[in-house]
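Okay, thanks for coming, everyone.

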Amino acid sequence: MSDDILQVENLKVEFSTYGGTVKAVRGVSFSVERSKTLAIVGESGCGKSVSVQSIMGLIPMPPGRITSGSAKINGHEIIGLSAKEANKYRGVEIAMIFQDPMSSLNPTMTIGDQISETLMVHKGFSYKEASKQAVELLEKTHIPEAAKRAKQYPFEFSGGMLQRAMIAQSLACNPTILIADEPTTALDVTIQAQILELMSELQQSEGMSIVLITHDLAVVAKMADRVAVMYAGQVIEMGNVDEIFYQSSHPYTLGLKEAMPSNQKDKGKKLTPIAGSPPDLFSPPSGCAYYARCPYAMAICETQMPDEFLIATDGDKNNNQKDSDHYSRCWLQHPDSPQVDSLYQSGRTNVS
Amino acid sequence: MLKYTLKRLLAGIITVWFIATATFIAMHQVPGDPLMNDKAVPPEIRKNLEKKYGLDKSVPEQYVIFLGNMLKGDFGISFTQQNRKVNDIIRDHFPVSATLGIMAIFIAAVGGVLWGALTALYRNRLPDIIIMFLVILGISVPSFVFAALGQLLLVNINSFFGYSILPVAGWGTFSHMIMPSLVLGLGTMALLTRLMRSSMLEIVNEDYIKTAKAKGLSPTRIFFRHQLRNAILPVITILGPQIAAITTGGFVVELVFAIPGLGRYFVQAVQQLDYTVIMGTTVFYGAFLVFMVIVVDILYGFIDPRVRLK
């Protein structure tokens, strides 16, 4: 645990709106190890983006408000900093790329200028030095004819090329962490694969950590070392990527898996959607947020918020190992709860 | 870019021809003619005059002659001002109107962008509320009211200090231009302020502003490098038509401030049905406005690369 680059602790974010206060993030904790990838998954509106954007200080305040929590990069607190102090980290230690590369770049500035701007501001480069470096960065992200491309404007790029340019821009100051907020959602499938390929390649050569936000489990399986599953503003299950896929310990994670198409077995089988919709975050339920949609719901789930239960590695819940860091927020993981076979079955069948 | 410019110019020429034709037809539809004006002329003198001005010819013939002369840049001589060529009237008085118009547009554009940006920065706070109140005032009060108020203000200031700081009316020196161009630009400035404000507020929510923040740029840098240039685009779009509004709308202000601009002659000519002067000034104004719109379009291309390169 000592090699954690980013540590987020009990983060809570609210938004004041005309309709009331939306509790978008309700106590999220996670940490990212050096050179590793953490994937945050969950359906729309579960607080994935809000969590990372509040770490970056990108939440408009007001209406947004970080009510509690801390986020540390290499031990330095970054929440609650003034814009000036935060800019020592933003773009330098921690960089971010966004969902839609088409709208995330300034349409009236050349790609090269937008990349060199970061270098000039943070590293004090001259315009000439920065432009040269910008071309090198574009080359690093495999943009052909980088020198020519640097002089072009975003509208002259395709979506995939723009996301490459965004990545080049984020790499400008060799950040230790790259936050990628659904980097492939707006791209078509073949380009998605290329961008993901590029990201893991750069992760290896630059040694940065990645926080990958996505709702695509296939992307998670390909990229992640650790996975945090979010639901209604909370992390409801967290573990290594294999644990999450082969030993899913929360009914929601299970539901996500059931809803994902697969091309191996179960051909012709209908996908099972998760019925219903996420709870209203104006007044989140006092118990488990997944209660209303959960096929295994028990009486206690309605009234009491489940704790984080550690899951033993081999699926035997009586054999709790202290060093496991796979946990689930579900009462089913309580030692006194009834055995729900399908939860464990689904895990076991795939372990070879 | 060259092709784009040429295309715009060609469209401009067609527009001007259209304006000329429409004016010609409209004028010949109006009852009466320039010779019927002040005193009754004996029929034989009238015949001579008609011959002199070519009014005895049929309307299509007149139209062809008019177009031919227009291509040569000759608008003929005035009916009411003896032996004065329309070209001379334009040459003598248009520079005055143009100077006034350019100053007014300059004041309006700079003021509009500045105030607009300011209100967006102070959104829903006191400076925003005050400026937006003034903007509503500027849009809804007509320019002749401001002209009269401006004069009154100058009179009071001058009499308070005991000597003339700014002249109340007239034309000639730079100090003569300040108040009229301010008054003339006020309405447009108010309009541009409102446009700039909404454009700025829209751009604050754009993704690339978020990117700029995530890059760790300072708020000042984000404002100047990323926000302002993109927010100015819609303002420039509307600048073309606004130049039209200001130069043609200028004659009220010209009248109040006793400025010898072209606008006054234009109005006079319409009252007296002075065919040649009406035709000349209308076509000239039309051509000028079309030209300004093209200039603005080309200018737009320089600020927005998407227009320039496509």
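So, where chains A and B meet: in this predicted model, 18 residues of chain B are in contact with 22 residues of chain A. Which helices of chain B supply at least two residues each to the side that touches chain A? Those are α8 (207–214), α9 (219–256) and α12 (305–309). Of these, α8(B) gives the most, with six residues. As for what sort of residues chain B puts on that side, eight are charged, five are polar and five are nonpolar.

Now stay in chain B, but look at a pair of helices. Two packed helices are described by the angle between their axes and the distance between the axes. For α4 (residues 86–121) and α7 (residues 174–204) of chain B, the axes come within 6 Å and cross at roughly 35°. The crossing of α4(B) past α7(B) is right-handed. And the residues of that contact? We get 21 nonpolar, nine polar and one charged.

Going element by element in chain A, strand β3 (residues 37–41) has the highest mean, 92, while helix α12 (residues 341–348) has the lowest, 50. Then there's the stretch 345–352 of chain A, where the pLDDT is below 50. That stretch does have nine contacts in the model beyond near neighbours in sequence. But where pLDDT is low, the predicted coordinates should not be read in detail.

How values were computed
Residues numbered from 1 in each chain as written. Chains lettered and ligands numbered in written order. Predicted model: local features only at pLDDT ≥ 70, side-chain atom pairs only at ≥ 80, totals over all residues. Contact = placed C-beta atoms within 7 Å. Helix = DSSP H or I, 4+ residues; strand = E, 2+ residues; numbered from the N terminus. Nonpolar A, V, L, I, M, F, W, Y, C, P; charged D, E, K, R; others polar. Axes fitted to C-alpha atoms, helices over the stretch in contact; angles between N-to-C directions. Left-handed = near helix turned anticlockwise from the far one by under 90°. pLDDT = per-residue confidence, 0-100.
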